[in-house]
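Subject: Structure handover

Hello,

Here is the structure for you to look over. My notes follow below it.

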Amino acid sequence: MSSALIDLVWQSTLETLYMVAVAGILSTLIGVPLGVLLYVTRPRQILAQPIINTLLGIVTNVGRSVPFIILLVAIIPFTRMIVGSSIGTNAAAVPLTIAAIPFVARLVEGALNEVSPGLVEAAQSMGATPMQIIMKVLLPEARGGIINGLTITVVALVSYSAMAGAVGGGGLGDLGIRYGYNRFNPTVMLITVVVLVVMVQLFQSLGDYLVRKSDHK
Amino acid sequence: MISLDNVSKTYGSGPGAVQALKDIDLQVPKGTIHGVIGLSGAGKSTLIRCVNLLERPTAGRVIIDGQELTAMDAAALRQARHQCGMIFQHFNLLTNRTVYDNVALPLELMGQSRQAIRERVTPLLEMTGLADKTTQYPAQLSGGQKQRVAIARALASRPKVLLCDEATSALDPQTTASILTLLQEINQQLGLTILLITHEMEVVKTICHRVGLISDGRLVEDADVGDFFTSPGTQLGREFLNDFLKLEAPQALIERLEPEAGANTHPVVRLTFSGDSVATPLISRLAREHGIDVSILQAKVESIQGRTLGLMIAELMGSASQTRQALATLESFDLQVEVMGHVQRPD
């Protein structure tokens with residue numbers, strides 16, 4: 001394996017990590033509150049708002065139903081507005097974030113749904129405000145489930161980021177397609193796949209470790 | 001201290017509506033332990049949830065310590081709930097908080113300082129026997145220990161009232177006894193008013209001063225525990241009592257019972273003694289004065305809130321006139337006599 005190839009793989013690995021990190025952090029910052037909102041506005045929940053809940057649910061579902069490769073090109077004007085360019089690694093991070101937000105939101109909503117309603121009731125009996133219930137009961141009690149959901153999101157982002165090549169975003173998936181597939185170089189293809197497998201394993205193990213560490217159920 | 005005034009609760013509306021509570025009037029004076037007993041689905045849970053407005057009553061007023069909760073806005077209600085601790089059947093502890101942090105939660109919600117919280121939580125953990133468990137998580141505790149944490153947590157905000165929702169129903173008998181003892185100590189030492197709901201007569205017998213019986217959303221009895229155990233006022237009350245005392249005639253006898261007296265029959269009676277009649281040597285007196293034999297089929301003595309309750313099922317063996325006189329004698333005493341039926345004399 002030439003040093004040029006090693007450089008290329010290293011460069012692509014950093015690009016993938018960069019896109020996954022940016023999209024992972026931003027989608028967490030936006031997706032977690034959205035997931036909380038999806039949960040607490042449900043009927044009979046602490047901030048029941050059936051109409052808002054239905055609207056949020058529709059928006060979330062639309063976001064999740066658009067295939068990523070289409071989303072990637074469909075929101076190019078938006079991407080250009082945000083990062084000033086429609087090509088490159090930063091430009092790929094925008095659609096990745098947009099795709100991951102509803103994904104995170106639904107996983108967070110699901111994790112909150114696993115919190116026993118009795119705990120919310122107990123907090124209400126102590127005179128907790130809805131905000132206190134969210135911050136001191138729902139989120140801490142769903143911590144394990146939320147970390148689990150974020151791990152799934154990061155792994156999905158690694159996989160989605162392979163499509164970033166379509167907008168010149170680079171990354172391991174792009175490397176595999178261009179050098180491995182288009183130029184019939186099975187070695188490059190194999191290396192990219194191995195690096196991706198190792199990366200996903202590491203993310204999953206880290207996620208599992210954090211769940212074990214944070215959850216006392 | 002707690003006053004429910006014509007409280008009703010209806011779920012849903014129109015023809016599908018379910019009326020869970022119907023015109024409940026309930027007074028719990030300061031410092032008493034009031035039990036509410038009933039079958040599953042009778043409305044017990046709804047009742048206790050209406051006291052701190054976890055369920056908002058459809059009609060009626062809830063007044064705690066002179067404050068009408070039903071007239072308050074959300075913010076005032078949250079303040080009032082600090083006066084009103086609650087414990088639950090399944091404990092409802094936060095699994096990701098230690099024992100200490102669980103007990104600290106209500107104080108955190110009130111915005112108290114770390115220092116103030118420590119000064120309150122530490123003695124509470126000592127009082128509830130959890131001083132060595134402070135850094136453990138609920139998953140590491142037994143059911144009884146979890147309920148102790150829940151009790152400490154409920155007391156943290158120095159409430160005047162403690163609501164117990166089936167607090168011992170998930171616990172084994174020994175643990176139940178220890179939790180009931182703790183509740184009794186809290187009641188006596190802190191003068192806390194306790195309203196508890198349960199389906200276990202044992203709980204009522206052990207710690208309650210008064211008991212209400214709820215059936216199909218209505219409070220059908222509300223009596224001193226001693227009175228309820230000696231003479232329940234309703235059929236359902238008697239069923240609870242019989243079930244609790246397990247004083248049933250043997251099956252073989254029930255099959256032989258005939259409703260009407262015949263030429264060759266003996267009456268079978270159920271006697272309920274309470275108060276002074278317990279001490280009367282009644283059986284030997286019947287034998288001596290009326291010349292009959294008394295065959296005791298079942299008997300039991302219970303002590304309830306300092307009052308003694310005796311129950312007996314007996315067959316009175318003698319001629320028709322002897323047994324008639326014996327029954328008259330029995331009825332002249334301070335006890336309840338119920339003729340369950342008649343059995344054929346053995347030939």
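Helices here are DSSP runs of H or I with at least four residues, and strands are runs of E with at least two, each numbered from the N terminus. On that count, chain A has ten helices and zero strands. Please keep in mind that this is a predicted model.

**Chain A**

The order of elements is simple. From the N terminus on, chain A reads α-α-α-α-α-α-α-α-α-α. Its C-alpha atoms fill a box of roughly 65 × 40 × 25 Å along the principal axes. Chain A has 217 residues, and 44% of them count as buried. Take the contacts in chain A between residues at least 6 apart in sequence: 70% of them join residues at least 24 apart.

How confident is the predictor in chain A? The mean pLDDT is 93. 100% of the residues of chain A reach 70 or more. Among the elements of chain A, helix α7 (residues 130-141) has the highest mean pLDDT, 97. Helix α9 (residues 172-182) of chain A has the lowest, 88.

One backbone angle to look at is in A:Arg44. This residue is not a glycine, yet its phi is positive, about 65°. A:Arg44 sits in the loop between α1 (3-40) and α2 (50-65) of chain A. Is A:Arg44 buried or exposed? A:Arg44 has 7, so it is exposed.

**Chain B**

Of its 347 residues, 39% count as buried. Among contacts in chain B between residues at least 6 apart in sequence, 69% link residues at least 24 apart.

Chain B splits into domain 1 (2-236) and domain 2 (246-344). The centres of these two domains of chain B, taken over C-alpha atoms, are 41 Å apart. Six residues of domain 1 are in contact with seven residues of domain 2. Which element gives the most to the domain 1 side? Helix α8 (residues 225-230) of chain B does, with four residues. By class, that side of domain 1 has two nonpolar, three polar and one charged residues.

B:Asp65 has a phi of about 50°. B:Asp65 lies in the loop between β4 (59-64) and β5 (67-68) of chain B. B:Asp65 has 16 C-beta neighbours inside 10 Å and counts as partly exposed.

**Helix α6 of chain B**

I went through this helix in more detail. Helix α6 of chain B covers residues 173-190, which is 18 residues. From first C-alpha to last, α6(B) reaches 25 Å, close to the 26 Å expected at 1.5 Å a residue.

The buried residues of α6(B) are B:Thr176, B:Ile179, B:Leu180, B:Leu183 and B:Ile186. Why do they line one face of the helix? Seen down the axis of α6(B), the buried residues fall within an arc of 115°, so they line one face. On the other side of α6(B), the exposed residues are B:Gln174, B:Thr181, B:Gln188 and B:Gln189.

What covers the buried residues of α6(B)? The cover includes three elements of chain B: α5 (143-155), β8 (193-198) and α7 (201-207). Just after α6(B) comes B:Gly191, with a positive phi of about 65°.

**Where the chains meet**

20 residues of chain B are in contact with 19 residues of chain A. On the chain B side, α2 (74-81) and α3 (99-109) each supply at least two residues. The largest share of that side comes from α3(B), with four residues. By class, the side of chain B that touches chain A has nine nonpolar, eight polar and three charged residues.

**Where to look**

Then go to α3(B), which gives four residues to the side of chain B that touches chain A.

Best wishes

Key. Residues numbered from 1 in each chain as written. Chains lettered and ligands numbered in written order. Predicted model: local features only at pLDDT ≥ 70, side-chain atom pairs only at ≥ 80, totals over all residues. Expected span 1.5 Å × (residues − 1). Buried ≥ 20, exposed ≤ 12 C-beta atoms within 10 Å, placed from the backbone. Arc of directions from axis to C-beta. Contact = placed C-beta atoms within 7 Å. Domains from an automatic or database assignment. Nonpolar A, V, L, I, M, F, W, Y, C, P; charged D, E, K, R; others polar. pLDDT = per-residue confidence, 0-100.
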